[in-house]
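Dear colleague,

Please find the structure below, together with its sequence.

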Amino acid sequence: MHTGRELDLKVAEALGLSPTATAIRWIVSLIGEVIDMPHFSTTWDGMGLLVEEAEKKGIYLEFEHFNKGRYLGRA
């Protein structure tokens with residue numbers, strides 16, 4: 001799966017977050033579709049939130065960056 005909103009939603013669900021969770025900000029359309037949530041997979045701010053939420057669940061993440069836009073993540 002590539003980075004993007006579908007991956008972000010799966011990450012949120014894996015962390016036990018939902019559109020009604022108060023830990024993060026969600027905007028939901030009138031038909032119940034999530035139209036905004038943290039950008040876990042595409043922004044550093046979103047990744048920071050992911051690291052914080054994972055730590056609350058006892059999951060410790062570490063990330064490194066390399067040449068040419070490559071990254072390495074470890075749990």
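A nonpolar core is here a set of buried Ala, Val, Leu, Ile, Met, Phe, Trp, Tyr and Cys residues joined through side-chain atoms within 4.5 Å; buried means under 20% relative accessible area, exposed over 50%, and partly exposed in between, with a 1.4 Å probe and protein chains only. The model is predicted: local features need pLDDT of at least 70 and side-chain atom pairs count only at pLDDT 80 or more, while totals for chains, interfaces and linings use all residues. Residues are numbered from 1 along each chain as its sequence is written, and side-chain values use heavy atoms, with hydrogens and water left out.

The largest nonpolar core comprises 9 residues: Val-11, Ala-12, Leu-15, Leu-17, Phe-40, Met-47, Leu-49, Leu-50 and Ala-54. Two elements, α1 (5-14) and α2, each give two or more residues to this core, and α2 gives the most, with 4 residues. Helices (H or I, at least four residues) and strands (E, at least two) are DSSP runs, numbered from the N terminus. Leu-50 touches Val-11, Leu-15, Phe-40 and Leu-61, not counting residues up to four places away in sequence; contact means heavy atoms within 4.5 Å.

The structure also holds 1 aromatic pair. Its members are Trp-44 and Tyr-71, arranged edge-to-face at 5.6 Å centre to centre, with 65 degrees between the planes. Rings of Phe, Tyr and Trp (its six-membered ring) pair if their centres lie within 6.5 Å; planes under 30 degrees apart count as stacked, over 60 as edge-to-face and the rest as tilted. Trp-44 belongs to helix α2 (residues 44-56) and Tyr-71 to strand β4 (residues 71-74), 27 residues apart. Trp-44 counts as exposed, at 57% relative accessibility, and Tyr-71 is exposed as well, at 51%.

In strand β4 one also finds Gly-73, which is partly exposed with a relative accessible area of 47%. Leaving aside neighbours within four places in sequence, Gly-73 is in contact with Glu-62 and Phe-63. Between Gly-73 and Phe-63 the C-alpha to C-alpha distance is 4.4 Å, although they are 10 residues apart in sequence.

Finally, Lys-68 lies in the loop between β3 (62-65) and β4. Lys-68 has a positive phi of about 60 degrees although it is not a glycine. Most residues other than glycine have a negative phi. Lys-68 is exposed, with a relative accessible area of 84%.

Yours sincerely
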